[in-house]
Amino acid sequence: MPGEYQERNRSQWIGLFVGPILFFGVLCMPVDPQMVPIRNMSALALFMGVYWFTEAIPLAMTALLPFALYPILGIMSAAEAAQQYFNTIVFLFIGGFLIALAMEQWGLHKRIALIIIRSIGGHPDRIILGFILCSGFLSMWITNTATTLLLLPIGLSMVYKLEEKFGKEAIKPFTIALMLAIAYAASVGGMATLIGSTPNLAFLSIYEKNYPNAPAFAFADWILMALPIAVVMLAFIWLILVKLLFPTGKGISLTREEIDQDYLKLGKCSPEEWWVLAIFSITALLWVTRRDLEFGFATLKGWAEAFPVIALINDATVAVLMASILFIVPTRSKPARRISATLLDSNCFSKLPWGVIILFGGGFALAEGFSVTGLADYLGDHLAILSKLPNIAIIIVICIAMTLLTEITSNTATTLVMLPILVGLSSSINVNPILLMLPTTFAASYAFMMPVATPPNAVIFGSGRLKISHFIRAGILMNVVGILTITLAVYFLAGPMLGADIHTRPSWAQ
């Protein structure tokens, strides 16, 4: 059945024509023969950048352009281009998303949310804190869009209860704070794990592709580095929304009994929920403990060292292996059998976000094109003027640029365009590429000012409970706090957490 037709908006029409004009304009520029690959790659990068930023055509279709145009432009063969579209990062995403689908199908996400809220209490400030913790935690494992979609109806049910009891106007500050808290916490929580947001996976692939001899980023390494930043930001979300901008009046609260009623409606935890919870927990544990964990006073040996083929195992292996169990475990309760004979069936593959997967592939292909043509180094050399700034100032500039760009563009597309350029810049100013790539990736998740900035913002805005002015008022403060938090964390803490010197160029990056 055909979907509903959507007309292009003004920016999309502009992008539709500007992209090809820039593409052919650059291709027609006379250059030295040795610069032809760089010119051709620049033309395609501009073309894709315009189409990605304006969404003139679907993002996934833009991502397929390298496969079609690389052979024509003499950058690489079709076979070589095709290899860029499917790698271990894609399998990690697929495995993680299948587990997330199982959580949604059997209602485990609702139970987790209400357990957190029950444990926090019924005061509005505590309810918001509960939703922040729940949104942040869930978005570590499932997409921030899915997290927001799952929590929005639960949040609105809390709003309705308070409105019935105290009136709509009296709890308006609570409503605004709660809606924003769900969206903001989903964006922040997603940065805490490798599978939590697409910019994180984009970073991992581009990093591994450009630096094959670099120490691998394991799941535990990322959590150790990113989780403290996320926790600090979640605390600031609560303080800014609840205590500074939208404080709720006194005397407004839900009783424990009212919250219990919502939880009791879920009934007893089904065998299917227990199975999904077990598989989810074991998967997370295997991800975290795959490699050695350094605690300073002791070292916890990773389980992968027990295998002679340790170098062949990665987090994607775990994701796909554990996800496969979901197709083996049978459902036991009669109501469940009407949904599926096993925890997941073949219908779930139609729910996978194939557009995002293709978008990943296009970003990887773009990054490879930047590398093989020398465009990344060329741009890095011309951005070397930033070397006159202190490293901490460079990070601030990068964070500000990414935050502003992702307010109006796709954070994944922006990350995929920026990271290859920063690979070249890190070489030109002779610093560890992690110093530039990490803040870029983190800042991509910190777009708080506009409803269109991130999918969570758009979902929450669609509830009809917020105005754009609410996003701008809270988003300005959140952006400033986010930029400062990322800058200080990466500059001072990323090195010790990763056990590396990120301020000097390592031998693996030469």
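What follows goes from the overall build to the core and then to the ring pairs.

Keep in mind that this is a predicted model. The protein has 23 helices and 2 strands. Of its 510 residues, 55% count as buried. The protein exposes about 22100 Å², and 67% of that comes from carbon and sulfur atoms. If you look at contacts between residues at least 6 apart in sequence, 77% join residues at least 24 apart.

Now turn to the inside. The largest nonpolar core has 164 residues, and W52, Y184, I237 and F442 have the most contacts inside it. Helix 12, residues 219–245, gives the most to this core, with 14 residues. Setting aside residues up to four places away in sequence, F442 touches M191, W222, M225, A226, I229, I486 and V490.

F442 also belongs to a cluster linked by ring pairs, together with F203, Y207, Y211, W222 and W508. The structure holds 16 aromatic pairs. One of them joins F203 and W222, tilted at 55 degrees between the planes and 5.4 Å centre to centre. F203 sits in helix 11 and W222 in helix 12, 19 residues apart. F203 counts as buried because its relative accessibility is 0%, and W222 is buried too, with a relative accessible area of 0%.

For another pair, look at F327 and F349: their ring centres are 5.5 Å apart and their planes at 15 degrees, so they count as stacked. F327 lies in the loop between helices 15 and 16, and F349 in the loop between helices 16 and 17, so the pair ties together parts that are 22 residues apart in sequence. F327 is partly exposed, at 26% relative accessible area, and F349 is partly exposed at 36%.

Technical notes:
Residues numbered from 1 in each chain as written. Predicted model: local features only at pLDDT ≥ 70, side-chain atom pairs only at ≥ 80, totals over all residues. Heavy atoms only, no water. Core = buried A, V, L, I, M, F, W, Y, C linked by side-chain atoms within 4.5 Å. Buried < 20%, exposed > 50% of the residue type's maximum accessible area, 1.4 Å probe, protein only. Helix = DSSP H or I, 4+ residues; strand = E, 2+ residues; numbered from the N terminus. Contact = heavy atoms within 4.5 Å. Areas by Shrake-Rupley, 256 points an atom, 1.4 Å probe, with all protein chains shown as cover. Phe/Tyr/Trp six-rings, centres within 6.5 Å; stacked < 30°, edge-to-face > 60°.
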